[in-house]
Every structure is written in structure tokens, then in C-alpha cells.
Amino acid sequence: MRCVLSVEQKNMAKKNIEKKPGWKELPEGDLIKGGGTAREFKTGGWRSKRPILIPEKCISCMTCWMYCPDSAVIVKDGKVVGFDYEHCKGCGICEHECPVKGKAIKMVSEKEAKASEKK
Amino acid sequence: MAKSNIIARTGNEAMAEAMRQIDPDVVAAYPITPATEIVQIFAGYVADGVVKTEFVPVESEHSAMSACIGASAAGGRAMTGTSSQGLALMAEMLYIAAGLRLPIVLADVNRALSSPINIHCDHSDTMMLKDSGWIQIFSENAQEGYDNMIQAVRIAEKAKLPVMVTTDGFIISHGMERIEILSDEDVKKFIGEYKPEHYLLKVEEPITIGALDLPDYYFEHRRQTAQAMIDSKSVIVNVGKDFTAKTGRSYELFEKYKLDDAEFAIVAMGSTAGTTKVVVDSLRAKGMKAGLLKPRVFRPFPKEEIAEALKNLKAIAVMDRSDSMNGHEGPVCLEVKAALYDKGLNKPVVDYIYGLGGREIRVQDIEDVYKEISGLSRTKAVSEVKYLGVRE
Amino acid sequence: MANIKELVKQKELFTGGHRGCAGCGAVMIARQVLMVAGPDTVVVSATGCLEVVSTIFPYTAWNVPFLHSAFENAGATISGVEALYKSFTRQGKINKKINFIAFGGDGGTYDIGLQSLSGAVERGHNILYVCYNNEAYMNTGVQRSGATPKGADTTTAPVGKVKKGKEQYRKDLTAIMVAHGIPYAAQAVAGNWRDLTSKVEKALSIEGPKFINVFQPCRLGWAYEPELTCEMGRLAADTCAWPLYEVLNGQYKITYRPKEKKPVAEWIKLQGRFRHLMKPESKALLDEIQALTDKSWEDLRKKETASTPAKAV
């Protein structure tokens with residue numbers, strides 16, 4: 001059985017390859033100039049759950065920030081203010097490690113969260 | 001022209017002398033016969049404080065090249081020396097050094113690869129790494145070894161490819177010769193300072209070296225390395241011209257010895273070329289139009305130029321001091337045949353695989369080679385490989 | 001001791017956007033190490049999960065200079081970087097303090113990388129080597145390593161009809177490093193950031209080769225839910241399956257004493273790789289593992305006592 005790509009899919013694949021730089025444009029050698037360029041790669045699409053902050057319960061102990069493997073806890077002026085949903089993978093470590101009784105972070109279904117966003 | 005100093009040195013001593021004058025930032029090395037002396041002598045320079053080099057006595061050759069990669073990526077000049085099994089052990093890292101485009105310079109003292117284990121000269125170790133992306137320069141004698149090491153530093157940094165300079169194990173490495181050396185000042189001036197644009201110790205500008213390429217980028221990076229190899233040919237020629245201006249000694253992609261009007265020629269690299277020159281002279285005196293083409297640069301292989309140089313010959317013998325185990329010819333012969341073919345030159349080319357494991361190659365043997373190929377051109381063109389000097 | 005309120009203000013030296021699994025302990029460790037090391041740091045990593053997920057061209061999660069060359073040579077590669085730094089310092093070309101940190105998994109450290117690590121520390125380079133130890137070759141699909149404990153299920157020492165997982169005990173690499181006579185060696189765990197960061201701080205203040213063996217729970221290879229990574233680490237310390245200690249110039253100090261030493265089964269029962277050990281027919285093996293854990297803990301306490309000078313009366 002042959003797997004046939006739609007015209008739209010074929011064009012998108014072609015575009016993806018064409019968009020990338022050729023060998024003459026790339027820096028010479030296996031070199032990435034600059035640090036932290038991974039920020040441009042979005043891993044938020046991996047999630048099936050997402051963390052929701054309950055600000056009134058949060059004591060800004062920074063435990064979630066310390067343990068987040070994806071640096072996805074946003075801190076402003078010494079306070080946890082939310083999550084970087086472009087990178088959060090929904091592992092749930094933040095909720096699990098939150099020391100507050102009753103938790104200041106709640107993991108909810110990504111599907112439901114997305115659906116309610118659209119409304 | 002720069003002032004010359006005449007001294008007596010063996011091949012290894014001459015290489016060590018060149019390294020002392022180059023004064024690299026890091027030397028990381030592991031001993032192996034017959035290359036050991038190069039770094040041993042150099043370690044003496046370090047102990048006496050005559051060089052600024054940080055010497056890293058690593059625990060294996062693989063670690064030697066790894067440390068050189070670390071030092072070079074960090075922004076400094078890194079050098080090492082090895083042979084045979086040592087070169088084989090660091091093979092993985094040699095490919096990596098070339099892929100990372102690091103200008104490391106390595107002195108390879110040509111020695112046979114095991115098995116059987118053998119400490120004497122043949123070219124199998126260097127030939128093993130011919131596809132690694134390293135520039136490979138063969139030296140005929142100690143003088144060339146010294147001169148090539150100095151040029152290698154500039155070649156590597158301009159081409160952004162690592163360079164290996166080879167000398168024949170024991171024959172050259174341990175043979176005492178009269179050599180002319182430059183002053184320390186002149187060597188420093190010739191090689192200049194290494195100023196990479198991106199390097200690890202520049203912590204204010206972080207970089208990542210050695211990333212993983214998925215199929216969407218690997219090919220482009222390899223294409224860059226291939227182009228660098230192609231472009232390095234002109235770099236080598238220009239550095240050679242500069243060196244000639246300083247010393248009067250000629251360094252091109254290959255050397256032609258009485259080749260222009262020759263009818264029968266040998267293509268030979270390394271010390272055997274020296275022996276062949278003696279034979280060419282004596283055969284010429286007897287009336288044969290013998291000649292020699294001595295490739296100096298094996299990688300990149302100067303295909304068009306060599307084909308051009310061989311185009312008027314009646315027959316050619318290629319001397320291969322290693323076997324490529326393809327059931328046919330050795331590596332040098334394959335390159336020569338491809339070069340001739342692409343120029344539409346159909347000539348009798350006979351491959352002589354010789355000297356493996358340090359088997360002596362004598363004046364008589366080379367004379368026999370010329371006699372054999374001079375007989376060939378009268379019959380139809382043949383393609384043959386012969387094992388010269390093996391007991392049947 | 002690192003102050004978390006201060007750490008939070010610093011720029012991220014290990015960013016998001018890497019391809020580590022959700023709940024990955026390795027990237028957690030790397031990020032915490034760099035928090036304390038600061039931007040004047042050069043990192044070398046062996047091939048492995050950490051290197052692969054963090055440097056897929058053209059994306060790098062590292063916001064410090066980073067070099068990867070091959071699998072078995074993080075020790076040798078960082079030796080070269082540090083040697084150049086020494087040379088440049090001697091030549092007056094550089095005069096700031098730079099940290100040199102090598103990362104390797106248990107694969108690239110206990111096994112294939114052991115030689116180059118041993119050589120590097122024997123030569124006394126001023127480096128910190130951090131092993132993120134998840135007890136198997138995770139990046140290639142959970143094969144057994146020298147760090148895999150007896151009884152664990154891996155793809156090359158699987159649990160089958162006849163064999164019940166790895167049959168050999170794991171190497172004690174921390175002891176091997178201590179035997180090299182290095183000034184500082186320690187064991188830490190992902191899940192106790194205070195212990196880990198204070199050890200990194202201490203190590204970086206010492207001249208010479210330092211080694212920290214960081215236990216890294218791996219949700220994929222050990223088979224547990226991703227949110228439990230830190231808890232797994234704490235349980236390993238509470239059951240003494242992975243004691244937390246440091247050896248400073250030969251003097252042992254246990255840095256975490258569980259208030260209540262839990263039976264090792266408390267930790268084992270949460271992991272899919274040990275599922276078979278909770279079956280009644282595996283009781284003998286489980287008992288053996290408990291006995292080994294107890295003996296190791298006892299031996300460690302003895303070493304601590306023996307190496308600590310008696311207080312003057």
C-alpha cells in the first residue's frame with residue numbers, strides 16, 4: 001500500500017528544506033554561534049497536561065523554578081508569575097515539588113486548557 | 001633570503017626542532033615507536049623552559065588527539081606526533097578534528113599497521129586516514145620533514161583543516177642528515193600568530209562546537225569540508241612559494257625529477273623517491289630517458305597537475321608502500337589511474353607494492369622496475385600489480 | 001551556600017528548547033551546576049543524552065562555551081581545554097578565572113570513558129567532572145552499564161524466563177576516584193538541589209581535579225511517572241540506595257543522614273525496571289539487595305569515622 005502525500009504536504013516539505021541555509025551560508029565547521037539558541041525551538045507541543053499557577057497560594061519559594069527541567073517557570077521581580085507554555089512539556093515536577101499545602105500549582109488537561117483558550 | 005644554520009639531525013630530531021621553533025601552546029602526546037623521540041625531545045625543551053608549551057602526557061593516542069581538539073577549539077595551537085597503531089587508535093578523533101575544522105598539526109612517522117605487529121616503515125598508517133579530511137604531506141628526508149612542519153602550521157590555519165606531515169619510520173626518523181634550519185625569529189615571523197575568530201576561552205561570546213546534525217544539516221557541513229580540501233591546494237602552493245622565497249628550497253604539490261623529457265617514470269613518495277633519484281641518474285647515464293614524479297601532497301591529490309606531468313610518458317610505474325586490499329592496486333596507483341583516465345590518457349601503468357613492514361627497497365630493485373616498464377610499451381597497454389621484494 | 005533568591009536573578013546558562021524527555025533529570029542537573037558555576041565556564045560533554053538533547057544543530061541550550069568531541073573522551077578533551085588555559089595564563093594572554101566542567105553519563109564515565117577520566121585526574125588538571133548517573137546507557141535505549149545495579153531490567157540484561165536482569169553488582173566509581181587521590185569527590189542526587197549546588201560550589205573553589213557523581217533518576221529508563229524525578233532522587237538517599245557524601249582530601253563526610261532509613265523496597269517498588277523484584281519469587285534477590293545496601297551504608301559510616309580526626313579533648 002503506497003502512502004501518498006497531499007499536494008499541500010509535499011509543498012510544505014519542499015518549503016522546509018528550501019528554507020534552511022545552504023553550505024555556503026552556514027558558519028564553517030560544526031559550529032553554533034551564540035548561546036541558548038534552543039529557546040527558538042518550541043517544545044510546548046509535547047504536553048498533554050499543563051501547569052496553572054494559583055497566585056494567591058504561591059509563596060515564591062522558587063522550588064518549581066529550581067527543578068523545572070525546561071526553564072519554563074517565569075519569575076519577575078522575585079515572584080513566580082507563570083509558565084513559559086512555548087517550552088513547558090507538562091512533566092508535572094513543579095506541581096509535585098510545590099511545598100505549599102494544597103499546592104500553588106495545578107496540572108490540568110492540555111486539551112481542555114486549549115479548548116477553553118479558544119472560547 | 002633568511003639566514004640558514006647548518007646542523008646534523010635525524011628526522012625525529014629535525015621535527016622536534018621545528019616544533020621547538022613553532023612553540024605551540026599545547027602538545028598532547030603518547031609514545032609509540034618510531035615516533036616517540038619527537039615528543040620525548042620536545043618534553044626536554046618543556047623541562048628546560050625553552051618553550052611556552054603546556055605539555056600533556058596523555059594516557060593514550062585517542063586522548064592525545066582529544067586533548068589537541070580541546071586545546072585547538074579553546075583557541076590555541078596544538079600539535080602531536082604518532083605512528084601506526086597510535087594513528088589508528090586516534091582515527092575516530094582525526095575525522096572529528098577535520099569535521100570541526102581545527103588547524104591541528106600532527107607529525108606521523110610512517111610505520112606499518114598490525115597485524116602482524118611491525119615497527120618498521122610503510123605507508124599503511126597514513127593511507128588509512130586518507131579519507132579523514134586531513135591534509136597529508138609526505139617528506140622525502142629530514143630537511144623536508146623540518147620544512148613541512150613549519151609550513152603545515154600556516155597551511156592548517158589558512159585552510160582551516162588539520163595537517164599531517166609524514167616521514168618514513170626509521171629510514172628518515174632515525175637517519176642522521178645534514179639539514180639547514182631557520183632562525184627562531186624567522187620561524188616565528190613565518191608562522192605568525194594564531195588568531196581564531198571563535199574559540200572557547202572567549203567566554204563572553206559563547207559558542208557550541210560539535211553539535212549533533214540530523215539529516216537536514218550533515219550533508220552541508222561535509223560539503224564545506226570537501227570544499228576546504230579543494231581550496232587547500234592553492235593555500236599549500238602559496239605557502240610553499242613564501243617558504244621558497246625565505247629559504248631557496250622549492251616546495252610544490254609534487255616534485256619532478258628529470259621528468260619533462262622522460263619516457264619511463266616512477267611515481268614514488270617518501271624516502272624511496274630519494275633512492276629513485278640515484279637510479280634515474282645512473283639510467284640516464286646509460287641512455288634511458290628515466291624520470292621520477294614525487295608527490296609531496298597526497299591529500300588533496302593534485303589530480304590534473306599530475307596527469308599533465310605524466311602525459312608524455314610511454315609507461316609508468318607507481319610505487320605503493322601500502323596495499324589497499326581491494327584485490328587490485330594500492331592507493332597511490334588508484335589516484336594516478338583516475339587522474340590519467342579523466343584526461344583520456346591510456347598508458348601502461350604498473351603498480352609495485354613494495355617495502356611493507358620495512359622490507360628494504362634497494363637501488364637494484366628500482367632499476368629492475370624501470371627495466372620492466374620500459375619493456376611494456378612495446379606491447380599493448382597492460383594494467384598490473386606486482387609485489388616487489390616479497391619471497392614467493 | 002547558594003541563595004535561591006540570588007540565583008533566580010541570574011541569566012539562564014542552560015535554556016529550555018532542548019529535546020530532553022519531560023521530567024528529565026540530566027538537564028536539571030546541568031542547569032543547576034551552571035547556576036552555581038556562572039558564565040565564566042567552559043563545558044565539555046561526552047556523547048550521551050545530555051549532549052544530544054541540548055545541541056541539535058542549529059539549536060543549543062548552552063549559554064556558555066560548549067564543546068563535544070566524542071563519547072569516551074570528555075576527560076581527555078577537557079584536559080586539552082584546561083591545558084590551553086594554563087598555557088595562555090602563563091603567556092599573559094588571559095587573566096580571569098574560568099571554570100572547566102566536563103559532563104558525562106554513566107556510560108561515558110564508568111565504562112567507555114573511564115580511561116580518559118582516570119588519565120585526566122591522575123595528571124591533576126584543574127577540572128570538575130560531573131557524572132550524571134542514570135544507571136544505564138539511556139541514550140541508546142536503556143542498555144546495561146557498569147553502573148547498573150544488580151537486578152535491574154535493561155535491554156541487554158533483560159528480565160526473561162531464565163535470567164532476572166543484571167547479574168553483577170555496579171561499580172563504585174566514586175571509590176575509584178577517591179583512590180586516585182583527588183582533592184574532592186562526592187555523591188549527590190537530582191532532587192536535592194541544595195546538596196548538589198553546595199558541592200559544586202565547594203568543588204569549584206578547590207584547585208585540582210574534582211569529581212561529583214550525581215544520581216539521576218530517568219523516567220524513561222527506570223519507568224516511572226515524570227513528575228516523580230526529584231522524589232525518586234530523595235528516596236534513593238532516604239533508602240541509602242545512593243548515599244550522599246563527600247571526600248575532601250581523603251576525609252569522608254556524609255552530607256545527608258536520613259532521619260529514618262527506609263527499606264530499599266520503598267524506592268524499588270516505584271520503578272518499572274525493578275517490577276519483577278516485588279514478586280514473591282524474587283524475595284531472595286530483594287533481600288540480597290537490601291543486605292548490600294546496608295553493608296555499603298555501614299562501610300561508608302566506618303570510612304567517615306576512620307578518616308575524621310578525633311576531636312581534641
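Q: How many salt bridges are counted between chain C and chain B?

A: Three salt bridges are counted between chain C and chain B. A friendly note before going on: this is a predicted model.

Q: Why is the meeting of Arg90(C) and Glu54(B) called a salt bridge?

A: The side chains of Arg90(C) and Glu54(B) come to 3.0 Å, N to O. A salt bridge needs an Arg or Lys side-chain nitrogen within 4 Å of a carboxyl oxygen of Asp or Glu. The value of 3.0 Å meets that cut-off, so the pair is called a salt bridge.

Q: What makes Asp216(B) and Lys20(A) a salt bridge?

A: Here the side chains are 2.8 Å apart, N to O. Between chain B and chain A the count is three salt bridges.

Q: How do you know that chain C touches chain B?

A: Contact means heavy atoms within 4.5 Å, and 44 residues of chain C are in contact with 42 residues of chain B. Together the two chains bury about 3,200 Å², with 65% of it on carbon and sulfur atoms. Phe57(C), Leu84(C) and Arg123(C) supply 19% of the area that chain C buries against chain B, more than any other three residues.

Q: What makes up the side of chain B that touches chain A?

A: Strand E9 (207-209) and helix H9 (218-247) of chain B each give two or more residues. H9(B) gives the most, with five residues. By class, this side has six nonpolar, seven polar and six charged residues. In all, 19 residues of chain B are in contact with 14 residues of chain A, and the two chains bury about 1,500 Å² between them.

Q: Which pattern does chain A follow along the sequence?

A: Chain A reads α-β-β-α-β-β-α-β-α, with four helices and five strands.

Q: What share of chain A is called buried?

A: Buried means under 20% relative accessible area, and 39% of the 119 residues in chain A are buried.

Notes: Residues numbered from 1 in each chain as written. Chains lettered and ligands numbered in written order. Predicted model: local features only at pLDDT ≥ 70, side-chain atom pairs only at ≥ 80, totals over all residues. Heavy atoms only, no water. Buried < 20%, exposed > 50% of the residue type's maximum accessible area, 1.4 Å probe, protein only. Buried area = accessible area lost by both parts, 1.4 Å probe. Nonpolar A, V, L, I, M, F, W, Y, C, P; charged D, E, K, R; others polar.
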